[in-house]
Amino acid sequence: FEPLNNFSAHQIKIWGRRFPTAEHAYQWRKYSETRADIAECILDAGSPEAAQRIARAHKKRVPKEWHERKVAVMEEILRAKFTQHEDVREVLKRSGARKIVESSPVDDFWGAGQKGSGKNMMGELWMKIRDAE
């Protein structure tokens with residue numbers, strides 16, 4: 001299920017730009033409207049890990065309304081990835097009706113968290129996209 005990972009090597013064209021990964025797109029969007037300098041550093045980051053590190057280093061500069069928009073932004077990115085890459089569509093199709101879980105032990109919003117009781121928003125979004133097809 002690696003193609004569903006935001007760090008997978010799937011370029012995404014969205015918002016009139018090309019991003020090396022979904023992680024780059026997500027972190028870029030976080031700052032694109034208020035801090036173009038940070039957004040450009042994220043876009044130029046050599047890896048998704050580096051893009052995430054840059055964003056985290058500037059977390060105090062995240063716009064206040066970002067937390068209200070982040071799920072919709074992620075859904076938009078995932079839909080673009082799904083539309084643009086056949087292997088992503090195939091993996092999602094192969095998941096059938098199974099529950100998709102982002103098994104991150106450190107993220108209880110996007111993932112299942114350490115105790116497995118997190119919101120799993122990444123899994124929820126992928127299932128929403130799958131079920132809409």
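## Helix H4

Helix H4 spans residues 66-84 and has 19 residues. From its first C-alpha to its last, H4 reaches 26 Å, close to the 27 Å expected at 1.5 Å a residue. The model described here is predicted.

The buried residues of H4 are Trp66, Lys70, Val73, Met74, Glu75, Ile77, Leu78, Ala80, Lys81 and Phe82. They pack against strand S1 (12-14), helix H1, helix H5 (86-94) and helix H6 (121-132). As a rule, an α-helix has 3.6 residues a turn, so residues three or four places apart point the same way.

## H1 against H2

Helix H1 covers residues 22-32 and helix H2 residues 36-44. Their axes lie 8 Å apart, and the two helices pack at an angle of about 170 degrees. That angle makes H1 roughly antiparallel to H2, because angles over 145 degrees count as roughly antiparallel.

On the H1 side, the contact is made by His24, Gln27, Trp28, Tyr31 and Ser32. H2 contributes Ala36, Ile38, Ala39, Glu40, Ile42 and Leu43. By class, the residues of this contact of H1 with H2 divide into 7 nonpolar, 3 polar and 1 charged.

## H1 against H3

Helix H3 (residues 48-57) packs with H1 at an angle of about 20 degrees, with the axes 9 Å apart. H1 and H3 are therefore roughly parallel to each other, and H1 passes H3 in a left-handed crossing.

Glu23, His24, Gln27, Lys30 and Tyr31 of H1 meet Pro48, Ala51, Gln52 and Ala55 of H3 in this contact. The residues of the contact of H1 with H3 comprise 4 nonpolar, 3 polar and 2 charged.

## H2 against H3

The axes of H2 and H3 come within 8 Å and cross at roughly 160 degrees. H2 and H3 are therefore roughly antiparallel to each other, and their crossing is right-handed.

This contact is formed by Ile38, Cys41 and Ile42 of H2 together with Ala51, Ile54 and Ala55 of H3. By class, the contact of H2 with H3 has 6 nonpolar residues, no polar and no charged ones.

## Buried residues of H3

In H3, Pro48, Ala50, Ala51, Gln52 and Ala55 are buried. The buried residues of H3 pack against H1 and H2. Ala51 and Ala55 are listed in the contact of H3 with H1 and also in the contact of H3 with H2.

## The loop between H5 and H6

Val101 is placed in the loop between H5 and H6. With a relative accessible area of 44%, Val101 is partly exposed. Leaving aside residues up to four places away in sequence, Val101 touches Ala112 and Asn120. Val101 and Met121 are 20 residues apart in sequence, and their C-alpha atoms are 8.7 Å apart in space.

Asn120 also lies in the loop between H5 and H6. Its relative accessibility is 4%, so Asn120 counts as buried. Asn120 has a positive phi of about 55 degrees although it is not a glycine.

## Trp15

Trp15 is found in the loop between S1 and strand S2 (17-19). Although Trp15 is not a glycine, it has a positive phi of about 55 degrees. Trp15 is partly exposed, at a relative accessible area of 23%, because buried means under 20% and exposed means over 50%.

Key. Residues are numbered from 1 along each chain as its sequence is written. This is a predicted model: local features need pLDDT of at least 70, side-chain atom pairs count only at pLDDT 80 or more; totals for chains, interfaces and linings use all residues. Side-chain values use heavy atoms; hydrogens and water are left out. Axes are lines fitted to C-alpha atoms, for helices over the stretch in contact, and angles run from 0 to 180 degrees between N-to-C directions. Helices (H or I, at least four residues) and strands (E, at least two) are DSSP runs, numbered from the N terminus. Angles under 35 degrees count as roughly parallel, over 145 as roughly antiparallel, 65 to 115 as roughly perpendicular and the rest as oblique. Contact means heavy atoms within 4.5 Å. Ala, Val, Leu, Ile, Met, Phe, Trp, Tyr, Cys and Pro count as nonpolar, Asp, Glu, Lys and Arg as charged, and the others, Gly among them, as polar. A crossing is left-handed if the near helix is turned anticlockwise from the far one by less than a right angle, and right-handed if clockwise. The expected span of a helix is 1.5 Å times one less than its number of residues. Buried means under 20% relative accessible area, exposed over 50%, partly exposed in between (1.4 Å probe, protein chains only).
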